[in-house]
Amino acid sequence: MYSNTVMDHFLHPRNKGKLENADAVGKVGNPVCGDVMYIYIKVNGDVITDIGWETMGCAAAIATSSMLSELAKGKTLDEAMKICRDDIADALEGLPPIKMHCSNLAAEGLHKAIENYRNRDAILQKLRHVVGERDAQALFRAGITSLEELKNASIESIAHAVSDEGMERIKKQLQK
Ligand code: FES
């Protein structure tokens with residue numbers, strides 16, 4: 001079912017794991033299968049100097065995250081925005097049609113991370129009104145970038161990211 005390259009990236013994933021000092025995060029989920037992916041990027045000037053990912057998903061989602069990280073590392077933000085699902089699938093020597101959406105998830109996660117990086121100041125300003133400076137940064141690093149996403153995020157993921165004080169402020173905000 002899977003090519004040798006898919007199996008290699010699944011069994012030996014590259015750049016796997018959270019980047020603690022990431023400049024931005026892209027969080028995406030697939031409503032059909034319920035899989036979730038986080039793409040972390042470190043940017044210097046206009047170049048993605050480091051990248052990490054966490055994927056709770058199928059073998060194809062793990063292989064595509066791994067291949068995406070190799071394709072994006074060292075690229076400028078504009079170049080990385082052009083990476084699409086077919087580029088990832090081609091680099092993996094093909095994916096079964098039923099698994100193509102998994103490569104789409106990886107491309108979307110990267111694009112979201114870049115958009116969040118580019119809109120960082122505006123996003124942080126909005127989050128600050130809800131939870132204050134310190135927790136705004138923490139939410140941003142957890143891939144939560146709007147009030148809407150905050151409302152849809154699981155309590156566990158929010159509580160994991162913010163302080164108790166921030167959690168109280170969020171609860172009050174969500175009750176409004
Ligand atoms: S089946 Fe959900 S990402 Fe692959």
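**View 1. Crossing of helices α1 and α2.** The axes of helix α1 (residues 4-11) and helix α2 (residues 59-72) approach within 8 Å and cross at roughly 85°. Helix α1 is therefore roughly perpendicular to α2, a term that applies to angles of 65 to 115 degrees, whereas angles under 35 count as roughly parallel, those over 145 as roughly antiparallel and the rest as oblique. Axes are lines fitted to C-alpha atoms, for helices over the stretch in contact, and angles run from 0 to 180 degrees between N-to-C directions. The model is predicted: local features need pLDDT of at least 70 and side-chain atom pairs count only at pLDDT 80 or more, while totals for chains, interfaces and linings use all residues. Residues are numbered from 1 along each chain as its sequence is written. Helices (H or I, at least four residues) and strands (E, at least two) are DSSP runs, numbered from the N terminus.

**View 2. Residues at the α1 and α2 contact.** From α1, Val6, His9 and Phe10 meet Ala59, Ala60, Ile62, Ala63, Ser66 and Met67 of α2; contact requires C-beta atoms, placed from the backbone, to lie within 7 Å. By class, this contact of α1 with α2 has 7 nonpolar, 2 polar and no charged residues. Nonpolar covers Ala, Val, Leu, Ile, Met, Phe, Trp, Tyr, Cys and Pro, charged covers Asp, Glu, Lys and Arg, and polar covers the others, Gly among them.

**View 3. The open sheet of strands β1, β2 and β3.** An open sheet of 3 strands runs in the order β1-β2-β3 with antiparallel pairing. Strands β1 and β3 (47-56) stand at the edges, each with a single partner strand, so one side of each has no neighbour in the sheet. From one strand to the next, the twist averages 15°. Helix α2 packs on the sheet and touches β2 and β3, its direction making about 175° with that of β3.

View 4. Strand β1 (residues 24-29) is largely enclosed by the rest of the structure, because 5 of its 6 residues are buried; a residue is buried if 20 or more other C-beta atoms lie within 10 Å of its own, exposed if 12 or fewer, and partly exposed in between, with C-beta atoms placed from the backbone. Strands β1 and β2 (residues 36-44) pair in the antiparallel sense over 6 bridges, pairing being assigned if DSSP finds at least two bridges between two strands. Tyr40 in β2 is the bridge partner of Val25. The hairpin has 6 residues between the strands, and its Gly34 takes a positive phi near 85°.

View 5. Antiparallel pairing joins β2 and β3 over 9 bridges. In β3, Met56 is the bridge partner of Val36, and Thr55 is that of Met37. This hairpin has 2 residues between the strands, and Gly45 takes a positive phi near 65°.

View 6. Most residues other than glycine have a negative phi. Asn15, although not a glycine, has a positive phi of about 60° and lies in the loop between α1 and β1. Asn15 is partly exposed, with 19 other C-beta atoms within 10 Å. Glu93, also not a glycine, has a positive phi of about 60° and lies in the loop between α4 (85-91) and α5. Glu93 is exposed, with 12 other C-beta atoms within 10 Å.

Methods: Contact = placed C-beta atoms within 7 Å.
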